[in-house]
Each structure stands twice: as C-alpha cells, then as structure tokens.
Amino acid sequence: MGTVLRIDVGGAVVVLPWPGDDAGRRQVVRTAVGGPADAAVYHRRTQFHVHGKGQAERLAMNLPAWVLASVWRRMEITYGFYGPVVVTGPQLGALDEAMAAEVRAVCAAVAEVREEWVTRQPAGEWQARAELLAAARHGVAALA
C-alpha cells in the first residue's frame, strides 16, 4: 500500500486519505489543491496535481514543490507551482514508499535551508536556487 501526499506552500507534507475509486480520488485532489487540478509528470513513478489557475488567482508559490520537480527533472524548472500540490503515483495511484520518502526528504531540506536564511540571507536569487537544489539533492542521495 502506498501514500498520497499534499505539499503545502509552507513546506508541510500532509498524508491524504485515498479512496478506492477514480471519482473519489479526483475529488480529493480537487479539494486538496483548492480548485480545478492539472496533472504533470516530473518523475516516471509520480504525478503532480496543481491548481489549474493558481498563479492567476495569486496563490502563493510552492517553493518545495518547485525544488522537488527540479530535482526529479535534473534541471531548474522555469516556472513555479502555486498553491498546494498533491503528489500521487501514476494515473492517480498511490505513491510507493521510496517516492514518498523523496518527497519528505526534499521538503525537509527546503525547510532547513529556509530556516537558515532567517539569520543568513543568500547572496542573490541564483545562489538561493542553487543552495536549495543542492540541499534537496543531498537529502535524496542520503536515502540511497
């Protein structure tokens, strides 16, 4: 049995109840992201579900989700995710435990770096992105 996770904009990772039917699953995703959801693949064993109009509705950027997608794609994603993001397995399946662990590790790494920034600001935006991505990659590598 797997897990389905919601990544909140602040970095909290929440386990979602996951019904057995597709209609119920779509409803859980829609409720969790706060509106119509678009799906995207950033890793072959997962699926991201994001608010379809998150940026237009001025939802906060989800930095942990951006870092996770960038790590999984092995490149900086050139756009942001806005509002909560739900991470499932392919085709609305549950995540396997290894992928759930990666989600948690990346979100924890982002939270740790952001906490450090309270007393030590990054030198600039480019350096901030590089620091986040390096910390996240290190967190995922530590799982192996």
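So, aromatic pairs: there are five of them in this structure, and keep in mind that this is a predicted model. Let me pick out one, Phe 48 with Trp 72, which sits edge-to-face. The ring centres are 6.0 Å apart, and the planes make 65° with each other.

Phe 48 in β4 is the bridge partner of Ala 40. That belongs to the β3 and β4 pairing, which is antiparallel and runs over four bridges. Those two strands make a hairpin, with six residues between them.

Now zoom out to the whole sheet. Which order do the strands come in? Reading across, you get β2-β1-β5-β4-β3, five strands in an open sheet, with antiparallel pairing. The edges are β2, residues 13-15, and β3, residues 37-40; each has a single partner strand, so one side of each has no neighbour in the sheet. On average, and ignoring direction, neighbouring strands are turned by 25° against each other.

Further in, β1, residues 5-7, pairs with β5, residues 85-88, antiparallel again and over three bridges. If you want a landmark there, look at Ile 7, whose bridge partner in β5 is Val 85.

What about the helices on this sheet? Helix α3, residues 97-116, packs on the sheet and touches β1, β2 and β5. Its direction is at about 20° to that of β1. Helix α2 lies across β1, β4 and β5, and runs at about 145° to β4.

Last stop, the largest pocket, with a volume of about 190 Å³. Which helices each supply at least two residues of the lining? That would be α2, residues 63-73, and α4, residues 125-141. The largest share comes from α4, with four residues. If you'd like to click through the lining, residues there include Met 61, Leu 63, Trp 66, Ile 77, Tyr 79, Arg 114, Glu 125 and Arg 129. And by class, how many are nonpolar, polar and charged? Seven are nonpolar, one is polar and three are charged. Thr 78 is also part of that lining, and so are Ala 128 and Leu 132.

Key
Residues are numbered from 1 along each chain as its sequence is written. This is a predicted model: local features need pLDDT of at least 70, side-chain atom pairs count only at pLDDT 80 or more; totals for chains, interfaces and linings use all residues. Side-chain values use heavy atoms; hydrogens and water are left out. On a 1 Å grid over the protein atoms alone, a cavity is a set of points where a 1.4 Å probe fits but cannot get out, and a pocket is an open set with protein on both sides within 12 Å along at least five of seven lines; lining residues have an atom within 4 Å of a point. Grid points are joined across faces, edges and corners, and a volume is the space filled by probe spheres set on the points. Ala, Val, Leu, Ile, Met, Phe, Trp, Tyr, Cys and Pro count as nonpolar, Asp, Glu, Lys and Arg as charged, and the others, Gly among them, as polar. Two strands pair if DSSP finds at least two bridges between them. Axes are lines fitted to C-alpha atoms, for helices over the stretch in contact, and angles run from 0 to 180 degrees between N-to-C directions. Contact means heavy atoms within 4.5 Å. Rings of Phe, Tyr and Trp (its six-membered ring) pair if their centres lie within 6.5 Å; planes under 30 degrees apart count as stacked, over 60 as edge-to-face and the rest as tilted.
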